[in-house]
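Reader: I would like to go through this model with you before I set anything up, starting with the terms you use.

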Amino acid sequence: MKIVRRIGASPQQRGSASGQSCPDVFELSDGNFAVIGTEATAALEKELPPDASRADYERIVIVSRDTLVRAKGDIPDA
């Protein structure tokens, strides 16, 4: 599995001063997506709706609205 491309604007394009530690979205060679975000599993797990859950190997992460909005145009429809 490899990162194929960034989805959306780079951290520098979104205004990060250093551009080194910001939320990001990537498309992977297998067609899945990877995200860099703030780990928030402990804070948000109890907030999940009854029909949602996570596996032990999954984490809840926060990605800024700006990151996702700017990625929207690069996300394929299918």
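Author: A salt bridge here is a side-chain nitrogen of Lys or Arg within 4 Å of a carboxyl oxygen of Asp or Glu. This is a predicted model, in which local features need a pLDDT of at least 70 and side-chain atom pairs count only at pLDDT 80 or more, while totals for chains, interfaces and linings use all residues. Residues are numbered from 1 along each chain as its sequence is written, and side-chain values use heavy atoms, with hydrogens and water left out.

Reader: What is the mean pLDDT of the chain?

Author: The mean is 89, and 94% of the residues reach 70 or more, where pLDDT is the predictor's confidence in each residue, from 0 to 100.

Reader: And where is confidence lowest, and where highest?

Author: Confidence is lowest in helix α2 (residues 65-71), with a mean of 88, and highest in helix α1 (residues 41-44), at 97. Helices (H or I, at least four residues) and strands (E, at least two) are DSSP runs, numbered from the N terminus.

Reader: Back to charges, then: how many salt bridges does a search of the whole structure find?

Author: The search finds four. One of them joins Arg-5 to Glu-27, with 2.7 Å between the closest N and O atoms. This pair links distant parts of the chain, since Arg-5 lies in strand β1 and Glu-27 in strand β2, 22 residues apart.

Reader: Why does Glu-27 count as buried?

Author: Glu-27 counts as buried because its relative accessibility is 16%; buried means under 20% relative accessible area, exposed over 50%, and partly exposed in between, with a 1.4 Å probe and protein chains only.

Reader: Which residue does Arg-54 form a salt bridge with?

Author: Arg-54 pairs with Glu-45, the closest N and O atoms being 2.9 Å apart. Arg-54 is partly exposed at 25% relative accessibility, and Glu-45 is likewise partly exposed, at 35%.

Reader: What about Arg-70 and Asp-66, how far apart are they, N to O?

Author: Their side chains meet in a salt bridge at 4.0 Å, N to O. Because the two residues are four apart in helix α2, about one helical turn separates them. Arg-70 has a relative accessible area of 37% and is partly exposed, and Asp-66 is partly exposed at 37% as well.

Reader: Changing topic to the sheet: what is the order of its strands?

Author: It is an open sheet of three strands in the order β1-β2-β3, with antiparallel pairing; two strands pair if DSSP finds at least two bridges between them. Since β1 and β3 stand at the edges with a single partner strand each, one side of each is left without a neighbour in the sheet. The twist from one strand to the next averages 30°, with axes being lines fitted to C-alpha atoms (for helices, over the stretch in contact) and angles running from 0 to 180 degrees between N-to-C directions.

Reader: How many bridges join β2 to β3?

Author: Four bridges join β2 to β3 (residues 33-36), and three join β1 (residues 3-6) to β2. Asp-24 has Ile-36 in β3 as its bridge partner, Val-25 stands opposite Val-35 in β3, and Arg-5 stands opposite Glu-27. The hairpin of β2 and β3 has four residues between the strands, and there Gly-31 takes a positive phi near 90°.

Reader: Is β2 (residues 24-28) mostly covered or mostly uncovered?

Author: It is mostly covered, as five of its five residues are buried. Asp-24, Phe-26 and Leu-28 point one way, whereas Val-25 and Glu-27 point the other way.

Reader: Which residues does Phe-26 touch?

Author: Not counting residues up to four places away in sequence, its contacts (heavy atoms within 4.5 Å) include Ile-3, Arg-6, Ile-7, Phe-33 and Ile-36. Phe-26 and Arg-6 lie 20 residues apart in sequence but 4.4 Å apart in space, C-alpha to C-alpha, and Phe-26 counts as buried at 13% relative accessibility.

Reader: Last one: which side chain makes a polar contact with that of Thr-41?

Author: The side chain of Glu-39 does, at 2.4 Å; a polar contact is a pair of N or O atoms within 3.5 Å, where within protein one must be able to donate a hydrogen and the other to accept it, and residues adjacent in sequence count only if both atoms are side-chain atoms. Thr-41 is in helix α1 and counts as buried because its relative accessibility is 6%. Leaving aside neighbours within four places in sequence, Thr-41 is in contact with Arg-54, Arg-59 and Ile-60.
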